[in-house]
Amino acid sequence: MSTKSKLAATAILILAILAGLVIRILINANYFLEVENYNNQNCQRIGTAPIEEFAIDYQEGLFYGGADPSRKAYFYPKQGTMRQALKGLDNGFVQVLDVEHGFKLDDVAIVGLEGEFHPHGVDLLIDSDGQKYLYVINHKSTGDSIEIFHINQAENTLTLHKSITSELFRWQNDVRAVSLNAFYTTNWLHTEKVPSLQSKLEQYLQLPLTSVIYCDISHSINCKIVVSGLYTANGITSKDGVLAVVESLYPRVGFYNILENGDLEYSYDILLDFLGDNIIESENGYFVAGHPKALDYVRYTAGKLKYSPSVVVQVDFATNSTKTLFLSDGSDFSASCSGAVVNDKLYISSVFDHGFYVCDLTIV
């Protein structure tokens, strides 16, 4: 074979590989999907700040959410990196929605925390004495931390209990407390500099570089990676000794048995047909929210699309299957991040859209 023929063959091979990658990305991102609205007709919006994630106090009917009007400014910065964009922004805050008393929504006063506060993933823990704590991922210009607050419901305050940092933290997405002194958290990206060529390659080539971290903070801060090689680890929760982790770019929910030392033992997974975001446990299963069209979501967060479709499904324990509870083209509520059902009402939050979106599932 001549040199020209070899070069031509090599070029064809490279083009074929690139075409295959593009096709793979388009298929996995549901690029050709036509979204049909479902269960989005009887809904109302409560609140005026974007609440990406929330945690539920089922005893009191309270939803705690991290609100951050500055999220859009740093989530996809016009110049520089996300860390650089975080400098000097107005802080976020925590809101509580009382679903038992007329959907009352209040800001919660934060005591003892100084400096930057940009909340993301949240979790609620009730200890053996009945004391309640809120765990909040805090994105700061100097790096991520996990703030642990003691909840005083009577005074509507959050008092800082501990602030946790670790060299293993990259970009934290969600947190799951298993005791007052132990929690799991997901590294959403492996690349620290975002956006960058490396971070774009990590996401668009769907590289399995992210992880789950376990932290024991009973005496000192001891964190370790317990699961690695995940395709964008995102939402995380647990129930009955099993940890559930959403991988956005696979996409699936992986289930792991929790061992005594905090290590995890893989059990099984359930595939999703959308880009999974956050997961919330319930009595009969899990609720998973996410993005039916991944590339629309990317363009939406970059300010290039007005809407991004939303979806919430329930994962059934008995059948290990998913049931769609809500589907929207995004024109009413875009980019759903979290969802859960309480008393026949579905509560949804979004990365940028304001407030809780509450849909009555008893009305057809």
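Welcome to a tour of the aromatic rings in this predicted model: the count of aromatic pairs comes to 17.

Start by selecting Phe255 and Tyr268. Their rings are stacked, with 4.6 Å from centre to centre and 15 degrees between the planes. Colour by strand and you will find Phe255 in strand 15 (residues 252-258) and Tyr268 in strand 16 (residues 264-271), so this pair links parts of the chain 13 residues apart. Tyr268, at 28% relative accessibility, is partly exposed.

Next, select Phe326 and Tyr357. Here the ring centres are 6.2 Å apart and the planes meet at 80 degrees; an angle over 60 counts as edge-to-face, so that is the label for this pair. Phe326 sits in strand 20 (residues 321-328) and Tyr357 in strand 23 (residues 354-360), so the contact ties together parts that are 31 residues apart in sequence. Both partners are worth a look with the surface on: Phe326 is buried at 0% relative accessible area, and Tyr357 is buried at 8%.

Now pick a group: Phe54, Phe63, Phe103, Tyr347 and Phe356. Ring pairs join these residues into a cluster.

Finish with two arginines. Select Arg83 together with Trp171, and you will see the charged end of Arg83 over the Trp171 ring, 3.6 Å from its centre. Then move to Arg252, which lies over the face of Tyr250 at 3.8 Å from the ring centre.

Notes
Residues are numbered from 1 along each chain as its sequence is written. This is a predicted model: local features need pLDDT of at least 70, side-chain atom pairs count only at pLDDT 80 or more; totals for chains, interfaces and linings use all residues. Side-chain values use heavy atoms; hydrogens and water are left out. Rings of Phe, Tyr and Trp (its six-membered ring) pair if their centres lie within 6.5 Å; planes under 30 degrees apart count as stacked, over 60 as edge-to-face and the rest as tilted. Helices (H or I, at least four residues) and strands (E, at least two) are DSSP runs, numbered from the N terminus. Buried means under 20% relative accessible area, exposed over 50%, partly exposed in between (1.4 Å probe, protein chains only). A charge sits over a ring if NZ of Lys or CZ of Arg is within 6 Å of the ring centre and within 35 degrees of the ring normal.
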